[in-house]
Amino acid sequence: MPAFAELNADPQVMRYFPAVLDRQASDALAARIRDRLDTTQFGFWAVQITGVTDFAGFIGLSVPSFDAPFMPCVEIGWRLARPYWKMGYASEGARAALAYAFDTLRLPQVVAYTAAINTPSILVMQRLGMRHHASDDFGHPALPEGHPLRQHVLYRATPPFTR
Ligand SMILES: CC(C)(COP(=O)(O)OP(=O)(O)OC[C@H]1O[C@@H](n2cnc3c(N)ncnc32)[C@H](O)[C@@H]1OP(=O)(O)O)[C@@H](O)C(=O)NCCC(=O)NCCS
């Protein structure tokens, strides 16, 4: 999907990830996301902004597969293309995803995590009213000690959740 590949190839969008994705890696990720959506009740959904664009990025729920003290869990994540930043779209979409997680899926908890230096993403977690305890923060096991993105913060949301 070209628009998805463009999103994942943008160095600004991928600034807080270890690397941008080339076309092959982006297509593989798209296939994994599609597979999850086909086989479970949730996943990363494409963000459509009525009258603006059919694809602004993705927001949604996912089950992470790395080892950490807070596993197993369902995480909420977001990635929007730059033209759609700073307009409240990420928070609006994430609120809808959390409402679905709690009202429809009846999940007891949803977490969000990101590199401790990813301020825009942390601000979304805070806007959503997710709670942070420093004792939950962790070093991402996929990144080596000393890597600038290794240190991660964890935020938690639990029901009842008010939109
Ligand atoms: C993380 C990310 C989704 C945040 O997007 P965002 O647009 O900053 O977040 P929001 O949708 O909550 O928008 C809030 C901003 O919109 C502004 N805004 C403008 N109009 C608004 C409106 N009508 N309603 C709400 N907010 C509005 C707010 O003031 C706020 O700006 P501020 O932070 O300067 O105060 C985006 O930076 C991104 O996609 N980054 C790359 C991917 C990434 O790092 N993902 C997370 C990895 S874990």
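1. A residue counts as buried under 20% relative accessible area, as exposed over 50%, and as partly exposed in between. Val63, at 43% relative accessibility, therefore counts as partly exposed. The model under discussion is a predicted one.

2. Val63 belongs to the loop between S2 and S3. Leaving aside neighbours within four places in sequence, Val63 is in contact with Arg36, Phe42, Cys73 and Val74. Val63 and Val110 stand 47 residues apart in sequence, and their C-alpha atoms are 10.0 Å apart in space.

3. The loop between strand S2 (53–62) and S3 also holds Pro72. A cis peptide bond joins Met71 and Pro72, with omega about -5 degrees. A further cis peptide bond runs from Pro159 to Pro160, with omega near 0 degrees. Pro160 is placed in the segment after strand S7 (151–157). A reader inspecting the backbone may wish to look at both sites.

4. Thr53 lies in strand S2. Is Thr53 buried or exposed? Its relative accessibility is 15%, so Thr53 counts as buried. The side chain of Thr53 reaches the backbone nitrogen of Phe55 at 3.1 Å. Apart from neighbours within four places in sequence, the contacts of Thr53 are Gln48 and Tyr84.

5. The next point concerns the ligand. The ligand is surrounded by 19 residues, and the closest are Trp78, Lys86, Ala90, Ser91 and Arg127. By class, this shell has 11 nonpolar, five polar and three charged residues. Which element gives the largest share of the shell around the ligand? That element is H4, with four residues.

6. Several polar atoms of the protein lie by oxygen atoms of the ligand. A polar side-chain atom of Arg127 is 2.7 Å from a ligand oxygen atom. For Trp85, an N or O atom in the side chain is 3.2 Å from an oxygen atom of the ligand. In the case of Tyr89, a backbone N or O atom lies 3.2 Å from an oxygen atom of the ligand. Taken alone, the ligand exposes 970 Å², and the protein buries 69% of that. Two or more residues of the shell come from each of strand S3 (75–80), helix H3 (89–104), S4 and helix H4 (119–127).

7. Lys86, one of the closest residues to the ligand, lies in the loop between S3 and H3. Although Lys86 is not a glycine, its phi is positive, at about 60 degrees. Lys86 counts as exposed because its relative accessibility is 75%; that value takes only the protein chains as cover.

8. Arg106 also has a positive phi of about 60 degrees although Arg106 is not a glycine. The place of Arg106 is in the loop between H3 and S4. With 65% relative accessibility, Arg106 counts as exposed.

9. Thr114 lies in strand S4 (residues 110–115). Why does Thr114 count as buried? Its relative accessibility is 8%, and the limit for buried is under 20%. Not counting residues up to four places away in sequence, Thr114 touches Ser121, Ile122, Met125, Gln151, His152 and Val153.

10. Ala116 lies in the loop between S4 and H4. With a relative accessible area of 34%, Ala116 is partly exposed. Leaving aside neighbours within four places in sequence, Ala116 is in contact with Ile122, Gln151, His152 and Val153. Ala116 and Ala157 are 41 residues apart in sequence, with their C-alpha atoms 18 Å apart in space.

11. A final point concerns annotation. An unreviewed UniProt entry carries the annotation "domain: N-acetyltransferase" for residues 1–150. Over residues 1–150 the chain is 33% helix and 21% strand. The end C-alpha atoms of residues 1–150 are 30 Å apart.

Note on methods: Residues numbered from 1 in each chain as written. Predicted model: local features only at pLDDT ≥ 70, side-chain atom pairs only at ≥ 80, totals over all residues. Heavy atoms only, no water. Buried < 20%, exposed > 50% of the residue type's maximum accessible area, 1.4 Å probe, protein only. Contact = heavy atoms within 4.5 Å. Near = heavy atom within 4 Å. Polar contact = N/O pair within 3.5 Å; in protein donor to acceptor, adjacent residues only side chain to side chain. Areas by Shrake-Rupley, 256 points an atom, 1.4 Å probe, with all protein chains shown as cover. Nonpolar A, V, L, I, M, F, W, Y, C, P; charged D, E, K, R; others polar. UniProt positions renumbered as here; feature names shortened; annotations may be inferred.
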